[in-house]
Amino acid sequence: MTKTSFILRIAGESGEGVISSSETFSRALAKLGYWLFTYRTFPAEIKGGPALFQMRVASERLSTQGDRLDLLLAYNQHGFDHNVEDLAPSGLVVYDSEAVTVPSNFEIQAVGVPFSQIAKEEVNFPLAKNVVALGVLAQFFPGVNAFLEQAIEKQFKRKGEVIIGKNQAALRAGLRFGGDLPTQILRLASPKAQPSRLVLSGNQMIALGAIAAGCRAYFGYPITPATDIMEFLAAELPKVGGVCQQVEDEISAVMMAVGASYAGVPAMTATSGPGLSLMGETLGYAWGAEIPLVVVDSMRAGPSTGMPTKMEQSDLNLALHGSHGDAARVVIAPTDVEDCFWQTVRAFQLAEAYQLPVILLADITLSHRTESVIRPDLSQVTPAARLSYATGSEKPYLRYALTRSGVSPMAIPGQAGAHYVASGLEHTPSDSPCYTPENHEAQTEKRFRKLEQIRAALPAPEILGNPERADVGLLTWGTAWGPVQEAVKLAQARGHSVSAMVLRTLNPFPTEAVQDYLRGVRWAIAVEGNFQGQFAQLIQAYTYREVDKLRAYGGVPFSVQQILETIQAHCQPTLSVSRCS
Amino acid sequence: MTTTPLRPSTCDQYKSQVKPTWCPGCGDFGVLKSVYAAFAQLELDPDNLVAVSGIGCSGRLPFFIDAYGFHALHGRALPAATGIKLARPDLDVIVLGGDGDGLAIGAGHFVNACRRNLDITYIILNNSIYGLTKGQASPTSSWSMSTKTAPHGSSEQPVNPIALALVCGATFVARGFSSQNKQLAELIAQAMAHKGFAFIEVFSPCPTFNKFNTYEYYRNEIQPLPEAHDSHNLPDALRYAFAPETYLGVFYNSDQAMLNEHTERIKTGTSADLETRLNALFDSFAAAS
């Protein structure tokens with residue numbers, strides 16, 4: 001059987017190299033020319049507990065990691081027991097025959113391989129059982145072994161020739177493994193000609209977008225799943241004249257970013273929900289004192305410490321509203337790894353142009369997964385630009401002048417004749433603390449005028465399919481867009497009248513575009529990864545239209561099947577008398 | 001410090017149009033006067049100077065200084081100053097705040113700012129009371145001192161800011177008194193000239209809400225550090241910090257590597273290298289080998 005896309009899952013014990021060896025294998029597949037989409041999940045502990053890595057490769061671009069496994073590699077009993085239910089009926093399990101017992105009534109094809117024994121007996125290097133396994137898997141993908149050899153050489157370069165040699169031998173031992181591997185029944189179509197493609201994670205893309213947009217100061221506190229943004233920028237920002245510093249907590253990280261930005265240097269911090277909770281007060285400061293700021297929140301499952309390595313889209317309300325007083329912020333949500341680059345650039349452009357805080361809402365699956373993406377065209381990047389104060393252009397200089405757009409020129413220290421105090425106190429157009437009703441109203445309106453400017457210039461939300469007279473219209477945001485797209489395409493292929501819309505800007509809300517969209521569809525369903533239906537509530541608040549909810553709140557992303565079933569249920573004739581029409 | 005003096009400075013040059021709103025007799029008046037004098041002595045360029053504060057009576061100080069100012073959130077003056085100085089090492093940064101701001105809500109930042117050793121000056125105007133909220137116990141309130149929130153007397157030991165700064169790695173540590181303007185101005189000037197994190201605790205009495213730590217109380221308590229004290233000697237500095245006597249002067253002064261020297265040294269490129277660098281990074285992620 002030759003397939004157009006192939007889904008491979010590797011399950012085993014965390015800390016035993018499951019993730020890193022899978023990463024190596026997925027990159028080797030990408031080098032063969034396939035489009036790649038990965039998903040990984042692991043416990044919060046460094047060692048111990050189940051780890052899982054799924055990779056999907058295809059000759060066409062992918063939007064999800066896929067639901068049904070073609071091949072499961074199970075290193076242990078838990079990995080077998082908890083993943084076989086996701087196998088396609090035509091799928092195959094390759095398992096460690098020393099660690100896994102297959103039930104006698106198991107109906108799917110399963111092949112046991114003694115990975116450790118092979119590593120011990122044929123290579124005399126028991127540590128290389130993962131590499132033996134990669135060799136076995138490589139039998140399903142002709143040509144991939146050359147890239148695996150390169151990867152091994154690169155990975156173990158520091159450890160010397162002996163270790164490289166042993167791992168190469170382990171790989172060959174896996175490739176030689178005879179058994180009764182049905183490599184012919186699972187064949188992936190050859191890849192098409194390759195455009196200029198990169199393989200990288202959402203966090204790496206966010207960091208690259210920040211550098212490209214002009215970010216030159218980063219402050220952060222370690223937190224899963226945002227930490228590797230800081231790790232990347234710690235290495236890279238000094239190479240373009242920037243500064244990156246790990247600091248004592250999220251409160252200081254965000255205030256340092258505000259300080260750097262006040263001093264004229266575009267700045268960012270990245271965190272997850274617990275950190276964003278701590279940053280709320282400073283986000284309000286940046287709104288009131290009108291200081292450009294970009295904060296990345298890579299969401300994970302809450303509340304509180306919740307499930308730090310699991311998926312949720314439950315920080316929407318916090319991102320939108322998490323500050324006291326009449327404070328707002330722009331909230332942007334990228335949908336995939338490539339989008340991380342462009343939305344991060346856009347976050348900086350908006351923050352700098354409108355002198356306000358922008359929150360980029362990513363999530364753990366997006367931060368950690370690797371994907372094939374089109375190499376960003378740098379000629380399309382407009383660096384973020386601030387309305388700066390031209391020395392001597394105003395006398396006296398009014399930092400918070402009541403302009404029509406709401407944006408007033410921002411001086412930075414070092415400029416003559418423009419001394420001012422940035423403050424969280426309400427201030428006059430010059431900067432002096434002032435509590436009169438007239439002034440507070442005028443300054444509040446000034447700040448919110450900026451948000452209206454942004455709303456008026458919002459790009460039209462992306463729509464899939466024709467919403468006019470569609471039976472079902474899905475509305476979603478963030479990474480839920482991936483499975484929604486795949487489900488909609490499948491449903492359309494089955495003759496269902498369905499469309500979908502994704503919002504990349506959650507605040508300011510694109511009210512008119514959503515209202516127009518809702519007018520066309522019979523059933524509107526908000527698809528999002530939280531229990532409360534925070535996005536559904538947002539839609540209802542702005543459009544006064546009730547929408548149905550499809551939610552995922554178990555710590556795992558949506559499956560395509562789950563969305564497809566909901567679409568089909570809403571398309572049934574018995575539901576055609578619609579309360580939403 | 002990288003200041004270029006433009007012209008001979010006078011105290012008036014640093015006075016803004018905004019008049020202080022402190023209570024009559026507030027110690028902060030004296031501190032402000034000494035701050036102006038220190039700026040004038042150093043001939044600081046006000047265009048290149050940033051005064052940062054938190055929230056509290058002393059938090060208003062930047063408004064009274066004709067320079068750039070950053071009036072941060074309660075407890076967050078040091079993070080703001082850190083961001084400013086790391087982004088713009090060319091700026092002169094002075095941080096002014098109260099004992100509640102720096103030693104209660106912002107204590108974590110104080111510890112880390114000391115060990116980070118950025119080239120900034122931090123002055124705590126210590127009145128041992130929460131003044132702006134009208135008289136609650138602060139982290140430096142004396143044991144058994146009765147306040148509105150501790151009507152039966154404070155049952156917590158006061159923090160020792162000098163000792164704390166010393167053990168956390170501050171490289172210049174001094175104490176002054178708001179009534180001794182000349183000496184205080186001299187300490188502030190020394191702190192600002194110091195390369196590294198300079199901390200000064202200033203006794204700045206609150207005549208309205210603190211009836212214990214009065215001007216008279218301090219006059220009876222304080223004495224200058226012995227002339228023989230070697231301010232490069234950390235164990236001696238700690239001994240004086242913990243002594244039953246209340247000393248004023250420079251406890252400690254040492255040269256250590258500053259964080260912003262490090263962050264500047266590791267910069268191997270500029271924004272001019274952006275496109276080359278981004279393309280190199282994209283190449284490193286290229287799917288095809």
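Is the crossing of H7(A) and H12(A) right-handed or left-handed? The first legend below gives the answer for this predicted model.

**Figure 1. Helices H7 and H12 of chain A pack against each other.** The crossing of the two helices, H7(A) and H12(A), is right-handed. H7(A) covers residues 202–213 and H12(A) covers residues 337–354. The helices pack at an angle of about 35°, and their axes are 8 Å apart. From H7(A), the residues in the contact include Met205(A), Ile206(A), Leu208(A) and Gly209(A). On the side of H12(A), they include Phe341(A), Trp342(A), Val345(A) and Phe348(A). Sorted by class, the contact of H7(A) with H12(A) holds 12 nonpolar residues, four polar residues and no charged residues.

**Figure 2. Chain B touches chain A.** Chain B puts 48 residues into the contact, and chain A puts in 53 residues. On the side of chain B that touches chain A, the elements that give two or more residues are strand E2 (68–71), helix H2 (77–87), helix H4 (107–116) and helix H10 (274–284). H2(B) gives the most to this side, with eight residues. By class, the residues on this side of chain B divide into 26 nonpolar, 14 polar and eight charged.

**Figure 3. A strand of chain A joins a strand of chain B.** Strand E17 of chain A (residues 421–423) and E2(B) run parallel and are joined by three bridges. One of the residues to look for is Ser423(A), whose bridge partner in E2(B) is His71(B). Strands of a sheet pair through backbone hydrogen bonds, in either a parallel or an antiparallel way.

**Figure 4. Nine strands form an open sheet with mixed pairing.** The strand order is E17(A)-E2(B)-E1(B)-E3(B)-E4(B)-E6(B)-E5(B)-E8(B)-E7(B). The edge strands are E17 of chain A and strand E7 (222–224) of chain B, and each of them pairs on one side only. From one strand to the next, the twist averages 20°.

Figure 5. Val50(B) stands opposite Val93(B), which is in E3(B).

Note on methods
Residues numbered from 1 in each chain as written. Chains lettered and ligands numbered in written order. Predicted model: local features only at pLDDT ≥ 70, side-chain atom pairs only at ≥ 80, totals over all residues. Axes fitted to C-alpha atoms, helices over the stretch in contact; angles between N-to-C directions. Helix = DSSP H or I, 4+ residues; strand = E, 2+ residues; numbered from the N terminus. Left-handed = near helix turned anticlockwise from the far one by under 90°. Contact = placed C-beta atoms within 7 Å. Nonpolar A, V, L, I, M, F, W, Y, C, P; charged D, E, K, R; others polar. Pairing = 2+ DSSP bridges.
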